[in-house]
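I opened this entry to look up the aromatic pairs and the overall fold. My notes follow the structure shown here.

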Amino acid sequence: MMRGLPYKIQVEDIVKFFGGYGGVTDKCIFIEEFNGKRSGSALVIFDDEESSKIGKEKFHKKEIGSDGRYVELYDQNDDFMQKICKLYQEECKDTQGEKM
């Protein structure tokens, strides 16, 4: 998970940021939007867990884009990501319960 992205970020910018590291391609990036507006976050999927850990260390708080914004990277072991996953799991349960 990337946070702190410029709102006008494009998938190609994120691919360029990682420079081919960890097998990151345009098909591995999901820019988050809410009500049609970008949130400044994106999900990036690496080839494997080891690449993800090393990538987090290598790219965390590095600048992206021309306006000099830095991004924060989180993985499944961070408290922040665990909270997000828990929220999504609860939301999915609520949605599935409505369908039944």
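**Aromatic rings and fold**

I looked up F17 and F18 and found that both are buried (under 20% relative accessible area, with exposed over 50% and partly exposed in between; 1.4 Å probe, protein chains only). I note that this is a predicted model, in which local features need pLDDT of at least 70, side-chain atom pairs count only at pLDDT 80 or more, and totals for chains, interfaces and linings use all residues. Residues are numbered from 1 along each chain as its sequence is written, and side-chain values use heavy atoms, with hydrogens and water left out.

I then examined F18 with F46: the ring centres lie 5.4 Å apart and the planes stand at 90°, so I recorded the pair as edge-to-face. For pairing, I took rings of Phe, Tyr and Trp (its six-membered ring) with centres within 6.5 Å; planes under 30 degrees apart are stacked, over 60 edge-to-face, the rest tilted. This pair joins distant parts of the chain, 28 residues apart: F18 belongs to helix α1 (residues 11-18), and F46 to the loop between β3 (37-44) and α2 (49-59). I found F46 buried, as F18 is.

I counted six aromatic pairs in the structure. Among them, F17 and F18 pair edge-to-face, at 5.1 Å centre to centre and 80° between the planes. I traced a cluster of F17, F18, Y21, F46 and F59, linked by ring pairs.

Of the 100 residues in the protein chain, 30% count as buried.

Key. Helix = DSSP H or I, 4+ residues; strand = E, 2+ residues; numbered from the N terminus.
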